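Q: Could you take me through this structure? I have not looked at it before.

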Amino acid sequence: MKKLNFALLALLSLTALSASADVANAVKLEKKYATFAKNANPEYAGPSAVDGKFFFNRKIKLANGKEAACASCHTANPADQGKHMVTGKPIKPLSPMVNHKRFSDVEKVEEQFTEHCNDIIGSDCTAAEKANYIAYLLTEKTPSTKQ
Ligand code: HEC
């Protein structure tokens, strides 16, 4: 599994992500993950924001018996500022539509995906899950509160 991640990272790094971080990088990354997902499973029908939203909010029972989802820290609206469920520290909005720094550094993205997916679902997310996740985040552009 680890080996696969490094291979994926190496391939992803080949996509020249421009230094000026904006939403184009998130779109590129979404497409890249979708290509990997299709290679792994020809039946993958392309990034699905609906599946991404479901995944984002899906509560999973952790080893300690508590339930958590990506939304537990990133909040139900990824265009909003998040709040770490353990430390209470603020987290900048995850949606690249409101926070253009998101999904611009491929190494950071892979690292955070691996870490958070392991925390919540107990393994790394698949390329399909990552593509769907970014597709969903790209649809969330309206913060629900003034920040
Ligand atoms: C325990 C709290 C917590 C949970 C639960 C959580 N995250 Fe995060 N997430 C963070 C923090 C903290 C950061 C980094 C904040 C920063 O860079 O400003 C982050 C950042 C990220 C990033 C980096 C995006 C970028 O380009 O900067 C990704 C991707 C991510 N999370 C995916 C997920 C996914 C997928 C899940 C659910 C499977 C999830 N997170 C659940 C706390 C959490």
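A: The following answers cover the metal site, the salt bridges and the aromatic pairs of this predicted model.

Q: Let us begin with the metal. Which residues coordinate the iron atom of the ligand?
A: His74, through NE2, and His116, through ND1, coordinate the iron atom of the ligand at 2.1 Å.

Q: Where in the chain do those two sit?
A: His74 belongs to helix H4 (residues 71–74) and His116 to helix H5 (residues 106–121). The pair is 42 residues apart and links distant parts of the chain.

Q: Why is the arrangement around the iron called octahedral?
A: It is octahedral because the six donor atoms around the iron atom of the ligand subtend angles of 84 to 180°.

Q: And the two histidines, buried or exposed?
A: His74 counts as buried, at 12% relative accessibility. His116 has a relative accessible area of 31% and is partly exposed.

Q: Changing topic: how many salt bridges are there?
A: The structure holds two salt bridges. In one of them, the side chains of Glu110 and Lys130 meet at 2.9 Å, N to O. That pair links distant parts of the chain, with Glu110 in helix H5 and Lys130 in helix H6 (residues 127–137), 20 residues apart.

Q: What about Lys130 and Asp124?
A: The side chains of Lys130 and Asp124 meet in a salt bridge as well, at 3.6 Å, N to O.

Q: Now the rings. How many aromatic pairs are there?
A: The count comes to six aromatic pairs. Among them are Tyr33 and Phe113, whose ring centres lie 6.0 Å apart with the planes at 85°, so this pair is edge-to-face. Tyr33 lies in helix H2 (residues 23–40) and Phe113 in helix H5, so the pair ties together parts that are 80 residues apart in sequence.

Q: What does Phe113 form with Phe103?
A: Phe103 and Phe113 form a tilted aromatic pair, 6.3 Å centre to centre and with 45° between the planes. Phe103 is in the loop between strand E4 (90–91) and H5, ten residues from Phe113. Phe103 is buried at 8% relative accessibility, and Phe113 is buried at 7%.

Q: Which residues make up the aromatic cluster?
A: Tyr33, Phe55, Phe56, Phe103, Phe113, Tyr133 and Tyr136 form one aromatic cluster.

Definitions and conventions
Residues are numbered from 1 along each chain as its sequence is written. This is a predicted model: local features need pLDDT of at least 70, side-chain atom pairs count only at pLDDT 80 or more; totals for chains, interfaces and linings use all residues. Side-chain values use heavy atoms; hydrogens and water are left out. Donors are N, O and S atoms within 2.8 Å of the metal (3.2 Å for Na, K and Ca); water is not among the atoms, so sites may look incomplete. Four donors count as tetrahedral if all angles lie between 85 and 135 degrees; four count as square planar and six as octahedral if opposite donors are over 155 degrees apart and all others between 65 and 115; anything else is irregular. Helices (H or I, at least four residues) and strands (E, at least two) are DSSP runs, numbered from the N terminus. Buried means under 20% relative accessible area, exposed over 50%, partly exposed in between (1.4 Å probe, protein chains only). A salt bridge is a side-chain nitrogen of Lys or Arg within 4 Å of a carboxyl oxygen of Asp or Glu. Rings of Phe, Tyr and Trp (its six-membered ring) pair if their centres lie within 6.5 Å; planes under 30 degrees apart count as stacked, over 60 as edge-to-face and the rest as tilted.
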